[in-house]
Amino acid sequence: MNFLSHPWRFLAQIFLLCTFSFFLLPSSLHAADPQLEAANRAYAYGGYDESAKLFQQIITTRGYSAPLCFNLANADARAGHLGDAILNYERARYLAPADRDIDHNLQLARKQAGLQPNSYRWWQIALRSIDWTVWLGMLSAGLFLIFLALVGTAYASALAAATKIPERLLKNIFRAIFFAGIPLCLLLGYIELSTVGFNNRIEGVIIASKEATLYRSPFDSSDSVGTIPEGELVTVEDRHNDYLRIEGRDYHFGWIAQKDIAPIIAGSFDAK
Amino acid sequence: MTPPLQILRMTLRLAAVLACTTVSCLAAASVSQQISPAEINVGEQTIVTLNITNGSVNDIQLPAVDGLQVVGSQSSTNIIFSNGTLSRSMTLAFAVTASRPGTFTIPAFDIHTEEGEVLHVKAMKLLVDGNGTAPATNNAAVATTPAPMPNAAANPAFNPNGPVVQPPASAAPPPPRPGNNTADTTAATPGVPRDPDGGPAKVFILITPETTDAYVGQSVRMRIDFYIRMEVQAEQNSLPTIKGSDFLMNAFMTRGRISQLMLENQPYLCETWGTAIAAPKSGDFPLSMERDTYWVKSITGGSIFDPFGGFFNRHANLAHQPVSSNLLTMHIHALPDEGRPAHFTGAIGHFDVTGSAHPSSVAVGEPVILDFSVAGEGNFDYVRCPVLAEDPAWKQYVASSKVNYRDEGHMDGVKSFEQSIVPKKNGELPLPAASFSYFDPTAKQYVTVPIPLPVITVTGSPTPIASTAPEADNDSTSVAATTPTSEFLPNRLDAGSLRTSLIPVYRQTWFWAVQSGMLVLPLLGGLLFLMRARITPDDGSAERAQRQHSMQQEEDAMAAAVRRDDAVAFFIAARHAVQLQLGARWRLSPEALTLGEIRARDPQLAEALEPLFIQADEVIYSGQAQPGIDLAQWENRVRTELLQPQPA
């Protein structure tokens, strides 16, 4: 091909090649993922404990993703570890709140543990689906536009002289940007703070076998005030040494040993 | 004694005097009574306690009863200032022994208070056993038969009356009663240890268990009284603890209830806790408590020559040493093996059990919630969820529970259980038989209580099969809406997008730092805008200033022309002034405003201005004005009518 004689055709072919490679790349990647294949193979042949171990290794070495947490939860559920299964389904749902398959398996695991369903409603899915980096970009863009509008208004005369656009038109444009940007940014900020407040609860799942004991105070000698079944989702309110103060359903408060509960967001108990 | 202690002591004495003289006439007197225990062996003591509130008495004697002897008595006064009300209670305790077995009745009698009121004390019964084998219980009304069990006939396999098993006879000597624990105890003040000088001890602890005979695991209510004489009172930084490891004690409040009282004319501070103890194994065990105690040993400093030394230079020397309570022997009996229900979990006490189920109609595979409530008095740590009989039609899940205690000792309470149970087939399904077993220490028998539960209507297919995820109806309050299929959906084949941490972005510092930084941008823009506006001259304002300046010049010219009687100059200035004003209003050049232009915009105004413009044209073109023109009148008209601000 003569690049000099047909430059546009050459560029178009390069573009098509790149696009094709882009779509091929992911399939070639997961096809060549021996760890994932081994974990799925163990699951398919009934080695659920082994499968769970392999999925956990992948997560530990490479990081979390909704599919990995989902697969790990499936293996835990099949192995009979309902507390761990519900924990990992909750983690998968945290990463992909709108995924119906995750919710389906989570509700099935909760049912097997004798727990009430806890599917998200549409607005909960909407609030939990917010991509905060995109949100940050939108808010930053809004604030930057306000900045531009103010600067543009201040230098409208010079801008008009440079661009031959009537100064009055320029000022009207900047004024419109300013008065639209202010409420937009306020709205975005309000939604952001409200959503952060809604999502900012520290939640955990009971992983103790069968049930965990709730104590009146965070000490080994404390009275028991009840039990919470394995797999139940609770909110962590406070921490004292190796005990966490939790709130279960129906304002059911008490202290629970940290070994009996695992956080949905790994590491979040450390912040307490 | 330290000055604050002196002041406190004086204040308390003053309060006691005031209370004695005033309180009782402010509120009606009342009396409560107790005989504890109500069942003793020959030679043992029981305590008859009379509590007189808001009244004072000088001398009370129990009525004489053949076979009973009063071997000692004690009185104490408690003054309480609560919710703005001062009240006083006087407690009289009589130690009574029996010389022979039988059932004795201390007859009713009246108490005449110093205030002239008559208080009625009811008759009290005392059962005295001759063989010394009856367990001592503190209940005045001893239940001899178990409470009737609800719906006992509903489950014919259940024997509500179960075997009655007596605890083994205690071969040990009668347990010491609270109040006569030491050899130094005098008849005048039973229970109070003595100092070597014969007076009541400055610091002592009395423990009063509800009974000294109990079963393994049974919670026994116990009262702990820590007494310290006011003159040696000091701040304490510890709690009473049980000596040894033979008993488990429920946790109690860090600070007990504080009261003041008089013992043998000495003011004491009394700190009281309520708790419960339980023994993990059978046998006879000593029960005693101790508290690491501080008290004032001596006061140093101060001088008789220094009138202020007593207040400012004195300080207390504290003594510090464990103080032991009275020593009791607890007789702990093993629970009988005979008649022990299969599902007995160690619950000992007196309980009422209720159960309910909701909803009453479900589909196959949907959970029914069972709510059980176990209320009463006993060792709630051993109270477990009522047991459901195995039923192939139902699948059972682990129950959750919670306890609400209604007393300080954590013996009286309500334990609630919530258990899910799922039907495996459809139809009118009775719920599995539920029952709760406990040991009644009063009746000395195991009790199994059947819990009636309703029949549940179960609809739908017994084997729900679905191959895909249900349509999302994410109302979490609806059980039926989220009925999942019976199979887990398969694994994902790709790993998805990975992230090293689940911590959300908004919990990262940089997320908020970036937004704070971006918030600075509009502020910066606003600042630039203001600075630019201040630097750049405002064309409009300059024009306005120029116009006002010109107007002022023309008005001055008009005034000067009137003074000079110069009609030409006047009309030129007047017309220009009007043009300036109208030009500003219509944003036109003043010179461009002819009479025709004004008429096109405002005909009415043009008609008013026409004479002025005609005169101006005439004088300008002719160079002179008509004779007889009154310039002062023209000036007045121009100023008042034509140069006034016009509505826009």
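**Close-up 1. Strand β29 and the second largest cavity of chain B.** In this predicted model, strand β29 (residues 434-440) of chain B supplies the largest share of the lining of the second largest cavity, with three residues. As for volume, the second largest cavity comes out at about 50 Å³. The structure holds two cavities of 30 Å³ or more.

**Close-up 2. Helices α4 and α5 of chain A.** Here helix α4 (residues 66-79) of chain A meets helix α5 (residues 82-95) of chain A, with axes that come within 8 Å and cross at roughly 160°. An angle over 145° counts as roughly antiparallel, so that is what α4(A) is to α5(A). The crossing of α4(A) past α5(A) is left-handed. On the α4(A) side, look for A:Ala66, A:Cys69, A:Phe70, A:Leu72, A:Ala73, A:Asn74, A:Asp76 and A:Ala77. Facing them from α5(A) are A:Asp84, A:Ala85, A:Asn88, A:Tyr89, A:Arg91, A:Ala92 and A:Leu95. Split by class, this contact has ten nonpolar, two polar and three charged residues.

**Close-up 3. Helices α8 and α10 of chain A.** Helix α8 (residues 132-154) of chain A packs against helix α10 (residues 167-199) of chain A at an angle of about 155°, and their axes are 8 Å apart. That angle makes α8(A) roughly antiparallel to α10(A). α8(A) goes past α10(A) in a left-handed crossing. What's in the contact, class by class? It's 18 nonpolar, seven polar and two charged residues for α8(A) with α10(A).

Terms used:
Residues are numbered from 1 along each chain as its sequence is written. Chains are lettered from A and ligands numbered from 1 in the order in which they are written. This is a predicted model: local features need pLDDT of at least 70, side-chain atom pairs count only at pLDDT 80 or more; totals for chains, interfaces and linings use all residues. Side-chain values use heavy atoms; hydrogens and water are left out. Axes are lines fitted to C-alpha atoms, for helices over the stretch in contact, and angles run from 0 to 180 degrees between N-to-C directions. Helices (H or I, at least four residues) and strands (E, at least two) are DSSP runs, numbered from the N terminus. Angles under 35 degrees count as roughly parallel, over 145 as roughly antiparallel, 65 to 115 as roughly perpendicular and the rest as oblique. A crossing is left-handed if the near helix is turned anticlockwise from the far one by less than a right angle, and right-handed if clockwise. Ala, Val, Leu, Ile, Met, Phe, Trp, Tyr, Cys and Pro count as nonpolar, Asp, Glu, Lys and Arg as charged, and the others, Gly among them, as polar. On a 1 Å grid over the protein atoms alone, a cavity is a set of points where a 1.4 Å probe fits but cannot get out, and a pocket is an open set with protein on both sides within 12 Å along at least five of seven lines; lining residues have an atom within 4 Å of a point. Grid points are joined across faces, edges and corners, and a volume is the space filled by probe spheres set on the points. Contact means heavy atoms within 4.5 Å.
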